[in-house]
Amino acid sequence: MNEIAPQSFFYEMGPIRPPSEGQDHSLLLRTTRNCPWNRCQFCSTYQGHKFSFRKVPEIKGDLEVVKAIYDKLLDAAQNSGLGGRVTQDALRRVWAINPELYGENAGNNTLKWQNLTNVANWINSGARTVFLQDADALVMRTPDLVAVLNYLKEVFPTVERVTAYARSKSCARKSMEELAQIRAAGLVRLHVGLESGCDEVLAWMKKGVTAREHVEGGKKAVAAGFSLSEYVMPGLGGKALSRKHALDSAQVLNEINPDFIRLRSLALRRGSPLLDRWEKGEFDELPEDQVVEEIGWFVENLQCNAYLASDQMSNLLWEVEGRLPQDKEKMLSLIRDYLTKPLGERLTFRRHRRRRSFLAVYGILGPELEELVQAAEEAIRQDRADAAARTDAAIAALKKGFV
Ligand code: SF4
């Protein structure tokens with residue numbers, strides 16, 4: 001491996017990864033920057049950031065930095081007398097005894113600390129899983145992606161699972177031979193943003209893909225042997241297209257038969273074009289209880305063998321989760337139970353859940369949000385006519401900060 005200059009002793013990290021990769025403490029390896037499409041109306045993740053490819057030597061250079069950090073952390077852990085576990089002490093020790101890398105003049109210290117933390121967590125979880133960032137790894141040239149995957153295995157033979165985000169369109173554009181090569185080189189799971197199987201919704205939201213292209217990309221991924229996670233966005237059709245969005249999405253997923261279906265209910269996020277359009281009255285947002293009802297229609301119409309997960313803060317009912325088809329009735333009964341509760345109970349439940357999700361990320365509400373949440377609580381407690389409107393206002397404000 002090449003000698004790494006102190007000012008280059010960092011590797012790039014993109015802004016997001018799926019929650020499942022966070023739980024597994026996957027190593028984050030940035031193979032492209034940002035999103036090659038970047039026009040979806042509900043998405044703010046890469047707004048204002050230009051897409052670029054990264055050159056293979058550059059990505060390999062990042063892997064060499066990861067290996068150097070890995071060796072330093074293991075060395076510090078072995079010398080800490082804590083059975084080789086990379087504790088915060090070991091992390092701080094590496095930081096302190098390498099002033100040429102982490103001193104005041106070494107630059108990029110925030111990113112360098114994030115790198116150390118990412119590698120430390122990765123080592124502690126067995127250094128088995130890697131996630132390729134950013135939004136669409138399959139947009140890379142196949143030989144480049146294969147070269148990166150091969151080098152990853154060469155540097156870290158312990159790696160068992162490599163996963164990535166991909167767009168259906170990029171998947172559909174690859175030949176079966178290319179997909180097979182990528183799969184054989186070690187990329188095993190694709191996380192695809194389906195969002196909807198309804199063409200009207202896809203077009204209005206500028207998703208840049210049709211329902212047919214979703215099916216084509218998804219079926220090719222499954223046929224090539226990838227484990228496939230498809231993300232669906234309840235509420236994306238607004239009031240006008242709610243039922244069609246649910247039914248068409250179920251239909252598309254029945255054709256694909258992915259391994260996982262992950263619900264990501266729509267949240268109007270700060271910085272997204274959709275929030276502006278909603279403020280101008282161009283989008284009629286579906287109330288939360290109707291989103292729950294829509295999820296019911298969706299689940300009812302699923303005829304596939306996927307595992308359905310609600311593993312994200314945007315979903316109101318995290319409990320709606322299970323293996324299809326055997327857990328379908330259990331999921332539908334949870335939905336029915338919620339929808340048949342008295343209004344006051346539903347409002348209290350929603351306020352409590354949304355507040356809790358916000359606090360899990362930010363730790364504190366801040367005075368403005370606190371005031372809105374208190375006002376909702378007061379109105380619910382007094383059983384006032386404005387209780388629902390106040391709850392909706394508080395929740396809308398909380399959801400702008402959802403990640
Ligand atoms: S393709 Fe994904 S990352 Fe890109 S704009 Fe759409 S939702 Fe956002």
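Student: Where is Pro 325 found in this structure?

Tutor: Pro 325 is found in the loop between strand E10 (322-323) and helix H14 (328-339). This is a predicted model, in which local features need pLDDT of at least 70, side-chain atom pairs count only at pLDDT 80 or more, and totals for chains, interfaces and linings use all residues. Residues are numbered from 1 along each chain as its sequence is written, and side-chain values use heavy atoms, with hydrogens and water left out.

Student: Which kind of peptide bond joins Leu 324 and Pro 325?

Tutor: Leu 324 and Pro 325 are joined by a cis peptide bond, with omega about 0°. A cis peptide bond also joins Gln 133 and Asp 134, and there omega is about 0°. The loop that holds Asp 134 lies between strand E4 (129-133) and helix H6 (142-155).

Student: What is the value of phi at His 25?

Tutor: Phi of His 25 is near 55°, a positive value in a residue other than glycine. His 25 belongs to the loop between helix H1 (19-23) and strand E1 (27-30).

Student: At what angle do H15 and H16 cross?

Tutor: Axes are lines fitted to C-alpha atoms, for helices over the stretch in contact, and angles run from 0 to 180 degrees between N-to-C directions. The axes of helix H15 (residues 343-362) and helix H16 (residues 367-381) cross at roughly 160° and come within 10 Å. H15 and H16 are therefore roughly antiparallel to each other (angles over 145 degrees).

Student: How do H3 and H5 pack?

Tutor: Helix H3 (residues 88-97) packs with helix H5 (residues 109-124) at an angle of about 140°, their axes being 11 Å apart. That angle makes H3 oblique to H5; oblique covers what is left after roughly parallel (under 35 degrees), roughly antiparallel and roughly perpendicular (65 to 115).

Student: At what angle does H2 pack with H3?

Tutor: For helix H2 (residues 56-79) and H3 the angle is about 120°, with the axes 9 Å apart. H2 is therefore oblique to H3.

Student: Which residues are around the ligand?

Tutor: A residue is near a molecule if one of its heavy atoms lies within 4 Å of it. Around the ligand are Cys 35, Asn 38, Arg 39, Cys 40, Phe 42, Cys 43, Tyr 46, Ala 135, Arg 167 and Lys 207.

Notes
Helices (H or I, at least four residues) and strands (E, at least two) are DSSP runs, numbered from the N terminus.
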